[in-house]
Amino acid sequence: WETTLYLRLGWDLSRRKEYDKAIDAFSRSVDTARDYLASIERTGNRTWIENARTTVMVRLVSLGGTYRQAGKLQEALEQYQRALDSMKEWGLTYAYEGDLYRHMGEFYRQQKDFSQAVENFQKALAMAETQGLADLIALASRSIGYVLLYQMGKPAEAIPHYAKGIRLIESTRSLLESEEYRRSYFEGGLGAYESMMRALVEVRREGE
């Protein structure tokens with residue numbers, strides 16, 4: 001419960017953009033999760049151990065993401081690498097692996113290493129499609145489109161990725177019962193439509 005408390009506190013502080021305090025909370029969450037894992041490993045219960053390892057991974061990714069938001073990119077990379085190394089060491093099938101690759105894509109985008117950014121976003125997309133995670137599919141697709149359009153100057157390549165993101169926005173929106181929720185959800189996805197229009201104009205498909 002202690003590690004969960006620190007995790008949720010870190011999320012709340014991140015939303016408030018109090019990144020130094022969030023980093024401290026996430027660091028405490030990682031430490032307590034590792035302490036718990038050490039105690040669980042003595043039991044030999046494989047299910048408990050795997051769950052505890054997943055708990056550590058979630059906290060490492062959250063810590064890395066907050067370092068990245070704070071502009072501390074080297075520290076962010078260290079946390080992502082710890083997560084990847086742990087995943088390999090444990091032979092862990094990590095349920096949130098796609099989210100880890102998405103975070104790494106954002107890291108490389110901030111580093112202006114756009115080819116690495118796209119490669120990691122594509123890994124996130126592949127994992128999301130395998131697991132049927134619609135929100136992550138839409139997010140990863142739009143992230144690929146963004147890098148291709150705005151930072152690599154490849155509008156034609158960006159278009160199919162934005163198209164996939166928009167299809168998922170429309171599909172999810174249609175499932176929401178409340179008109180207010182549908183409108184709010186749509187407004188949150190407007191950037192994809194705006195970017196799609198820009199890409200179409202740049203390739204002289206103004207009618208579309």
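Analyst: The expected span of a helix is 1.5 Å times one less than its number of residues. We apply that here to a predicted model.

User: How do you know what span to expect for helix 5, and what does it reach?

Analyst: Helix 5 has 14 residues. At 1.5 Å a residue, 20 Å is expected from its first C-alpha to its last. Helix 5 reaches 20 Å, close to that value.

User: What does the same test give for helix 4?

Analyst: Helix 4 spans residues 73-90, which is 18 residues. It reaches 26 Å, close to the 26 Å expected.

User: Why is helix 5 called largely enclosed?

Analyst: Buried means under 20% relative accessible area. Eleven of the 14 residues of helix 5 are buried, so the rest of the structure largely encloses this helix. Among them are Leu100, Tyr101, Met104, Phe107 and Tyr108. Glu97, Arg102 and Glu106 are buried too.

User: What packs against the buried residues of helix 5?

Analyst: Helix 3, helix 4, helix 6 (114-131) and helix 7 (134-151) do. Just after helix 5, Lys112 takes a positive phi of about 65°.

User: Which residues of helix 4 are buried, and how do you know where they lie around the axis?

Analyst: The buried residues include Leu73, Ala76, Tyr80, Leu84, Met87 and Trp90. Gln79 and Ser86 are also buried. Seen down the axis of helix 4, the buried residues fall within an arc of 160°, so they line one face of the helix.

User: What is found on the other side of helix 4, and what covers its buried residues?

Analyst: On that other side, Lys88 and Glu89 are exposed, the term for over 50% relative accessible area. The cover over the buried residues includes helix 2 (19-41), helix 3 (46-69) and helix 5 (97-110). Gly91 follows helix 4 with a positive phi, near 60°.

User: What makes up the lining of the largest pocket?

Analyst: Its lining has 18 residues. Trp11, Ser62, Asp99, Arg102 and His103 lie nearest the centre. The elements giving two or more residues are helix 1 (2-15), helix 3 and helix 5. Helix 3 provides the largest share, nine residues. The volume of this pocket is about 440 Å³.

User: How do the lining residues of the largest pocket divide by residue class?

Analyst: They divide into six nonpolar, eight polar and four charged.

Technical notes
Residues numbered from 1 in each chain as written. Predicted model: local features only at pLDDT ≥ 70, side-chain atom pairs only at ≥ 80, totals over all residues. Heavy atoms only, no water. Helix = DSSP H or I, 4+ residues; strand = E, 2+ residues; numbered from the N terminus. Buried < 20%, exposed > 50% of the residue type's maximum accessible area, 1.4 Å probe, protein only. Arc of directions from axis to C-beta. Contact = heavy atoms within 4.5 Å. 1 Å grid on protein atoms, 1.4 Å probe; cavity = no way out; pocket = protein on both sides within 12 Å on 5 of 7 lines; lining within 4 Å. Points joined across faces, edges and corners; volume = space filled by probe spheres on them. Nonpolar A, V, L, I, M, F, W, Y, C, P; charged D, E, K, R; others polar.
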